[in-house]
Amino acid sequence: MSESDSTREILLRDKDEALKLLGYNGEFKRRLQSETSVRIVDRGQRIALIGKDEEVQLIDGLLNEMLVAIRRGHEPTSSDFEYALEEARNRGVRGLSDALTDAVVVSRKGVVVRPKTRGQRQYVEAMRSHDIVFSIGPAGTGKTYLAMAMALSVLMRHEVARLVLCRPAVEAGESLGFLPGDLEKKVNPYLRPLYDALYDMLGAGDLERYVEKDMIEIAPLAYMRGRTLSNAFVVLDEAQNTTHEQMKMFLTRLGRDSKTVITGDITQIDLPRGRISGLVEAAEILATTRGIAFVYLTKKDVVRHKLVQDIIDAYEVKEKNDLVQRQRVGAENHGKEGRSSAGDGEGSTTA
């Protein structure tokens with residue numbers, strides 16, 4: 001150990017704490033050692049940190065905050081570790097244990113839903129403090145799932161009497177008219193993701209009881225017309241596929257003692273060419289309206305399989321290249337038109 005190195009120790013209660021703190025098979029330990037100068041020595045109920053003083057202090061703070069979370073009953077996941085490490089590097093370790101143990105809802109199935117990235121934490125805080133929240137971001141960032149979890153937690157605390165969950169039934173490559181069955185069967189595929197999220201948190205039995213008692217309503221957006229939604233938590237999912245008229249209609253349904261969350265991905269608009277997305281328009285019109293929060297999630301907030309983030313990156317590169325190509329072709333065509341016009345005028349004479 002050089003003169004500039006320092007050593008710190010973390011005392012543990014048992015080997016199980018070490019297993020959770022350093023990751024199964026030492027996953028977190030290997031990551032920290034590969035990205036810093038800190039050497040981590042596992043001594044059973046003691047963990048020694050050896051390395052440059054500044055980095056040792058950072059890792060010591062990070063691991064101690066994770067240990068507090070573990071002793072509160074939390075078992076850090078890979079995404080928890082990623083979030084904690086990024087926060088520690090960019091903003092310090094203060095409050096990390098609270099962030100890791102901040103549960104949005106603990107369902108009757110025992111499922112604990114919590115924000116796993118900084119963007120998701122901002123989203124959850126916005127839902128707690130605002131009556132209208134817009135969440136805009138790519139696939140896999142938890143927009144819908146966290147909104148459903150928040151809605152369910154509010155319902156379980158009896159802060160609202162019911163949940164109203166809706167989506168626009170926009171045809172993306174398929175025509176409803178050609179699908180078999182009555183209208184209910186035709187629109188059900190559009191609503192399936194909402195049922196799936198609730199089923200994950202509640203189970204089939206509780207979900208069915210809530211629906212039968214009209215405490216949870218899941219319906220196409222068109223069914224909201226003419227209604228006033230009071231004492232309710234309302235979620236509009238896939239809002240990028242609303243029109244101007246639909247978005248205005250939905251936003252004016254909000255009644256007393258109600259909250260609403262609008263989610264969408266403006267990179268996946270399925271409206272006919274030339275139609276303006278109601279979500280894009282609302283983000284422009286309402287950006288400075290007090291009492292309304294806009295949360296923009298990014299690929300850093302993707303919490304699905306790691307490949308989802310890689311897929312988003314790949315498509316972004318392709319879309320940027322396509323845009324550059326269209327601009328180049330447009331410029332070339334414009335130049336040709338200009339030369340053609342000049343050529344037409346060269347041989348003209350004035351009578």
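Modeller: In helix 7, the buried residues are K143, T144, L146, A147, M148, A149, M150, A151, L152, S153, V154 and L155; buried means under 20% relative accessible area, exposed over 50% and partly exposed in between, with a 1.4 Å probe and protein chains only. This is a predicted model, in which local features need pLDDT of at least 70 and side-chain atom pairs count only at pLDDT 80 or more, while totals for chains, interfaces and linings use all residues. Residues are numbered from 1 along each chain as its sequence is written, and side-chain values use heavy atoms, leaving out hydrogens and water. Helices (H or I, at least four residues) and strands (E, at least two) are DSSP runs, numbered from the N terminus.

Because twelve of its 14 residues are buried, helix 7 is largely enclosed by the rest of the structure. After helix 7 comes H158, with a positive phi near 60°.

The largest nonpolar core has 36 residues; such a core is a set of buried Ala, Val, Leu, Ile, Met, Phe, Trp, Tyr and Cys residues joined through side-chain atoms within 4.5 Å. Among the members that touch the most others are Y123, L165 and F233. Helix 7 (143-156) is one of the elements that each supply at least two residues, and its share, nine residues, is the largest. L165 touches M148, among others, not counting residues up to four places away in sequence; contact means heavy atoms within 4.5 Å.
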